[in-house]
Amino acid sequence: MICSAKNRTTTRKYARLSQYSARSNRASSLVETLTGFIILIPIGLAAVDVVAFMSAVDSNEHLAEAAARGAAKATTQDSAQTVAEDVVKHCTPVWMVQAVMVDDVQYDPAKGLVSVATLMQLKLPVPLPGYEEIKCRASSIEPIVSTPAPN
Amino acid sequence: MKTANSRLVKKTKREERGVSLVLVVVSAGFLIILVFVAFQFYTLNSGSREVRNAVDAAALNVSKQVAKLRVPISDQFSDVADKGGLVGMSNINRIWGKAYLINANAEAIQKEGLANSYTAQNADQAYRIAQQCNDTLVETVTCKQKLDSFFNDIANLRRAKLLGANSDLKTVDGPGWDVAMVDRGAASNLKFDEKQIPKGAGVAPSSGGHVKGYMPFNANNKNFTFASFVPNEMPHLTTDSNFNANDARTNPVPGNPVPNAFRANGINLGTKASLSASASSVANPMHEYRLAIPHAYIKILMSNFAYWKVKEKEAAPKTPYGFEPKTVFGIKGYQLKNNRILNGYASLGNEYKSGTLLGSMNALPGNHKEQYERMLQRIKEIKHDFTMGELNAMLQSVPPAPEYIIYPVYGSQDKTDPKIRIAPIIPGQPLPESWMNSQTTIDGEAKLIVNENEQRDEPNYCWPQIIGGNPDCEKYTQVSGTVRWAPGTGFNSCLGILIISRTTISNFITE
């Protein structure tokens, strides 16, 4: 009888320990998951920003190329500027692009080259402290094709 | 028992904790690798695009710059060369245009049976000069070193930076550049009008008033092929399929014409990757010319002779007379029967009473239309839009004279703005333009084209003076003329000579 009572006490004790252990496990998993999130989420968000940034840089380079090709068909500095601005105006930027503009047009008939630089201002999908807005610049050089060969 | 259980619980807890941590680390690592791979992919993709765009720009530069290459040409064709006396893509069709006109003239001369020993010789020489210049230009515009240099002008400015800071874009090593003749059958940069071509000669195929490019045709048994340079087009990129379909090696055009398309094969040697790309571009010098022989002229020669006859026999030597009405004492003291003496007079030069060259040319009746048509066709070889009205007005503006020259003057250095002038030729004095003064050989025989109907007693008339007896004497004049045309090929600048010969015979019939 005594033995039986002792056994019951031990069982109760182990049950309590097991309950404690389960609670402790759950807490520990929660902490680990939270820690994981704290590590993974910033990495994931940074990845989103990186992808968005790369996409914007890519489209800016496309735009600079298109603007330079357009300006190459112009006959003066002013018309080259106008053409480049037209190209930029008619582009459809991705949602995160806040502003896009022609930064510089160098029309050099002596060298037979035109260079166009475009500036894109974009808002990162996940704002980074101090880097909520990023400006990226792309430039392209094309031969001027509008001027006739010398004769 | 207690200790064993406790150890088991602790171990289980540690393992569970470890699993979560490993999962976090693996996930973080996976994400980082994913971002890294994405970045590398982006770098490669963008680098590849940079290379393609750079090769496109460099190819375009080749098409742009290749039109600046020039080669020299013989003096006989200096009038269709540029201001430096050179020939490039811009004016090679102009060279062929002049050679074609000379050969078309020669063909028409031969078909009319007016050829002499110089006709074929001059036509052949013109063709040879054009072909030689063309072949030299083809060699120059396909020269690998020159094309590489044009490519590198842009390639040096447009490196693919994403493939490495020291990446180097250059042309792929090989024997030479691929070239093509695209836009076959499209317009060349040489405008022409069918009225410029003499009757009987092969007419160049036309596309909207331009000679068709890369469309061989025949004139004077010679093959002519012009290069296509579509009007109002700038140098531009073209597709590889278009280039391949018109490749000079696999699909050549007879006559070795100057190619108008070039394929650039570029390779970017970078530290991260080496990528190659190719681009094809079409050249266009963006200059248009008119089919013409800029340094050419035609001449008008007029001569008048008076013949003096008594009873159908020549009573005095023939005498030339001038271009204004004048009384000429032609027969002086001609001995008649019964000691009578005849003095014969005539009023000559009345056909020039109008005081103008045009009036003088039309003074005697006859079908004069042909002489003006022939002159106009030849003048159109100098100035395509010269009209019959302008020709008449020009002939109306000057007085009659023994020799005239109709020639162009130019304000521009490339001789593309002709103004037609007429000037008398004064013996012993140089001709109005220095290029006219070289020795010329007439390369066509003269042909009678207008027979002016004989007129009696008009516009010239005669009268006798008889001394010592019966004054009866019948008299009349016969005034007639011919117009002959000696065509020229234009090789020696002479496109033709109009020869007008007038004759007045003063007849006296008495015993």
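Two strands pair if DSSP finds at least two bridges between them. Helices (H or I, at least four residues) and strands (E, at least two) are DSSP runs, numbered from the N terminus.

Residues are numbered from 1 along each chain as its sequence is written, and chains are lettered from A and ligands numbered from 1 in the order in which they are written.

I begin with the sheet of chain A. Its three strands form an open sheet in the order 1-2-3, with antiparallel pairing. Strand 1 (97–108) and strand 3 of chain A are at the edges and have a single partner strand each, so one side of each is left without a neighbour in the sheet. From one strand to the next, the twist averages 20 degrees. Strand 2 (residues 113–128) and strand 3 of chain A run antiparallel and are joined by twelve bridges. Within strand 3 of chain A, the residue opposite A:Thr118 is A:Ala138.

Helix 2 of chain A lies across strand 1 and strand 2 of chain A, at about 155 degrees to strand 1. Such angles run from 0 to 180 degrees between N-to-C directions, with axes fitted to C-alpha atoms, for helices over the stretch in contact.

How confident is the prediction here? The mean pLDDT of chain A, on a scale of confidence in each residue from 0 to 100, is 84, and 83% of its residues reach 70 or more. Within chain A, helix 2 (residues 77–89) has the highest mean, 95, and helix 1 (residues 2–71) the lowest, 77.

Next comes the contact between the chains. Two residues are in contact if their C-beta atoms, placed from the backbone, lie within 7 Å. Chain A contributes 30 residues and chain B contributes 39 residues. On the side of chain A that touches chain B, helix 1 and strand 3 (131–143) of chain A each supply at least two residues. Helix 1 of chain A gives the largest share, 19 residues.

Finally, consider A:Ala67. Leaving aside neighbours within four places in sequence, A:Ala67 is in contact with A:Ala84, A:Val87, A:Val88, A:Val102, A:Val116 and A:Thr118. Thank you for your attention.

Key:
This is a predicted model: local features need pLDDT of at least 70, side-chain atom pairs count only at pLDDT 80 or more; totals for chains, interfaces and linings use all residues. pLDDT is the predictor's confidence in each residue, from 0 to 100.
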